[in-house]
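Hello,

Here is the structure we talked about. Please open it and keep it beside you as you read my notes.

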Amino acid sequence: MEPQRPVADLAADPRIEPVVKELESLYAEMDRQYDHAAAGYGFSCTGCADNCCLTRFYHHTFLEYIFLRKGFEQLSGRMRAEIKKSAVQYADALRRAQRNGADAPFRMMCPLNREGWCVLYGFRPMICRLHGIPHELEPPGGQRMVFYHGCAAFDSQCGHLPYQSFDRTPFYIRMSGLEQELKQKLGIAEKSKKTVADMLIHDKVPIHAIS
Ligand code: SF4
């Protein structure tokens with residue numbers, strides 16, 4: 001079995017400090033470009049009944065997992081316990097839905113959403129930052145750019161407006177580069193695919209060669 005290391009230790013590992021700093025700067029750039037694009041449309045999420053925190057997202061980097069846990073460790077013990085309980089309920093419900101092969105997309109409030117607000121807003125993953133407005137993405141391997149629609153709230157508010165280019169590709173490329181750097185530094189061989197609930201429940205990361 002692979003040796004495991006507590007994710008909280010990894011967040012404090014000095015070897016990954018520069019990667020985490022880069023991630024923070026990447027997130028800041030995403031937020032800036034997203035806000036600019038949303039303002040261009042006059043789009044706002046405020047008061048949205050179709051909350052995107054109900055959507056089942058998977059997140060694919062250890063870097064975002066470690067960063068989210070860095071934020072999580074800063075919450076009070078009581079809040080952490082409450083959130084972990086919600087995360088276990090979320091994971092159980094998702095497992096049941098997958099076992100039953102439900103047709104409708106899985107919808108359940110993210111365990112980090114408390115009374116409509118993300119308690120780790122500054123630490124939230126990339127997809128939470130970019131969801132909502134229409135965008136384009138160049139798939140790996142130089143294939144043709146693919147266009148994606150905005151969310152239902154966007155369509156109802158701004159669907160009649162002409163598309164303004166919002167290319168996620170540079171963000172994905174930078175994120176992938178940072179993930180590779182992190183995995184190399186820490187000796188992580190496997191891939192990550194986790195919901196936020198998984199990130200909150202699982203406390204260990206498999207490490208195969210700590211130097
Ligand atoms: S991490 Fe925060 S923003 Fe993302 S789905 Fe959960 S509550 Fe919503």
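**A helix on the inside**

Start with helix α3, residues 62–72. Of its 11 residues, 10 are buried, so the rest of the structure largely encloses this helix. Buried here means under 20% relative accessible area. The buried residues of α3 are Phe-62, Leu-63, Glu-64, Tyr-65, Ile-66, Phe-67, Leu-68, Arg-69, Gly-71 and Phe-72. Please remember that this is a predicted model.

**The whole chain**

Now step back. The chain has 8 helices and 6 strands. Along the sequence they follow the pattern β-α-α-α-α-β-β-α-β-β-α-α-α-β. The radius of gyration is 18 Å, close to the 17 Å that the globule rule gives for 211 residues, so the chain is as compact as a globular protein of that length. Along the principal axes, the C-alpha atoms fill a box of roughly 55 × 35 × 35 Å. Across the chain, 41% of the 211 residues are buried.

**The largest pocket**

Next, the empty space. Rolling a probe the size of a water molecule over the atoms shows where such space is left. The largest pocket has a volume of about 1,100 Å³. Its lining is made of 41 residues, and Cys-45, Asn-51, Cys-52, Cys-53 and Tyr-121 lie nearest the centre. Which elements each supply at least two residues of this lining? They are α2 (17–41), β3 (117–118), α5 (126–130), α6 (152–158) and α8 (196–201). The largest share comes from α2, with 4 residues. By class, the lining has 24 nonpolar, 11 polar and 6 charged residues.

**The ligand**

Where does the ligand sit? It sits in the largest pocket. Around the ligand are Cys-53, Cys-110, Leu-112, Asn-113, Cys-118, Arg-124, Pro-125 and Cys-128. This shell divides into 6 nonpolar residues, 1 polar and 1 charged. Look for Cys-53 in particular: it is in the shell around the ligand, and it is also among the residues nearest the centre of the largest pocket.

**The second largest pocket**

The second largest pocket holds about 590 Å³ of space. It is lined by 23 residues, and the closest to its centre are His-60, Thr-61, Met-126, Tyr-172 and Ser-176. Both α5 and α7 (169–186) supply at least two residues of this lining. Helix α7 gives the most, with 8 residues. By class, the lining has 11 nonpolar, 7 polar and 5 charged residues. Note that α5 supplies at least two residues to the lining of the largest pocket as well.

Best wishes

Key: Residues numbered from 1 in each chain as written. Predicted model: local features only at pLDDT ≥ 70, side-chain atom pairs only at ≥ 80, totals over all residues. Heavy atoms only, no water. Buried < 20%, exposed > 50% of the residue type's maximum accessible area, 1.4 Å probe, protein only. 1 Å grid on protein atoms, 1.4 Å probe; cavity = no way out; pocket = protein on both sides within 12 Å on 5 of 7 lines; lining within 4 Å. Points joined across faces, edges and corners; volume = space filled by probe spheres on them. Nonpolar A, V, L, I, M, F, W, Y, C, P; charged D, E, K, R; others polar. Near = heavy atom within 4 Å. Sits in = over half its atoms within 2 Å of the grid points. Rg over C-alpha atoms; globule rule 2.2 N^0.38 Å.
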